[in-house]
Amino acid sequence: LTPATTDGANTFSCRVDNAVWIPDGYADLGVRIKPLSGGFTAQVTDDTLTLFISAAARNGSAMELFLRHPEKGVHVIHQPTSRRGQSFSPHDYAWFRDAGGTEHITSDLFTGTVTITRSDPSTGIVAGTFSFSAVHNGSGKEVKITEGRFDINSRTL
């Protein structure tokens with residue numbers, strides 16, 4: 001796993017069902033997908049500051065973390081919701097797509113936490129840890145994400 005830092009190193013890693021997962025980006029039809037994107041954003045409906053982190057890997061797997069109020073502290077993810085882009089006002093969520101294309105999202109039964117250890121919108125730096133379980137809505141297949149960590153500087157992504 002990547003080191004747990006708080007200086008805007010643009011790192012992200014976790015364990016997916018105990019296997020280390022580190023985004024490495026990819027190229028698709030000549031378009032380069034960066035390993036990490038996102039950061040602090042304004043909510044479409046009310047201009048509230050939110051946090052959106054997207055991570056992608058060459059094998060087609062991807063992960064997203066979304067928080068409506070990204071201040072320091074522990075954020076419990078425990079509500080059914082749609083992903084950002086599918087809803088104008090999503091609840092906090094974590095999402096994972098495996099290499100086969102199966103999508104898993106947190107809900108009221110499949111929950112998690114994101115702990116923000118640094119939140120500095122003025123510099124674009126946000127860092128923390130996360131863990132969650134998520135489910136594929138069609139099959140009920142569960143995925144467990146543990147030992148997650150991120151250190152993002154959205155101004156340098």
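Tutor: A residue is called buried under 20% relative accessible area, exposed over 50%, and partly exposed in between. Keep in mind that this is a predicted model.

Student: Why is Val20 called partly exposed?

Tutor: Its relative accessible area is 44%. That value falls between the cut-offs of 20% and 50%, so Val20 is partly exposed.

Student: Why does Asn153 count as buried?

Tutor: Asn153 has 12% relative accessibility, which is under 20%, so the label is buried. Asn153 belongs to strand S13, residues 142-153. Beyond its neighbours within four places in sequence, Asn153 is in contact with Gly8, Asn10, Thr123, Gly124 and Ile125.

Student: How do you know that the Asn153 side chain makes a polar contact with the backbone nitrogen of Arg155?

Tutor: The side chain reaches that nitrogen at 3.0 Å. The limit is 3.5 Å, so the distance qualifies.

Student: Which residues have the most contacts inside the largest nonpolar core?

Tutor: They are Phe12, Trp21, Met63, Phe130, Ile145 and Phe150, in a core of 26 residues. Strands that each supply at least two residues of this core include S1 (11-16), S12 (125-135) and S13. A second, separate core of 6 residues includes Phe52, Ala62, Trp95 and Ile105.

Definitions and conventions: Residues numbered from 1 in each chain as written. Predicted model: local features only at pLDDT ≥ 70, side-chain atom pairs only at ≥ 80, totals over all residues. Heavy atoms only, no water. Helix = DSSP H or I, 4+ residues; strand = E, 2+ residues; numbered from the N terminus. Buried < 20%, exposed > 50% of the residue type's maximum accessible area, 1.4 Å probe, protein only. Polar contact = N/O pair within 3.5 Å; in protein donor to acceptor, adjacent residues only side chain to side chain. Contact = heavy atoms within 4.5 Å. Core = buried A, V, L, I, M, F, W, Y, C linked by side-chain atoms within 4.5 Å.
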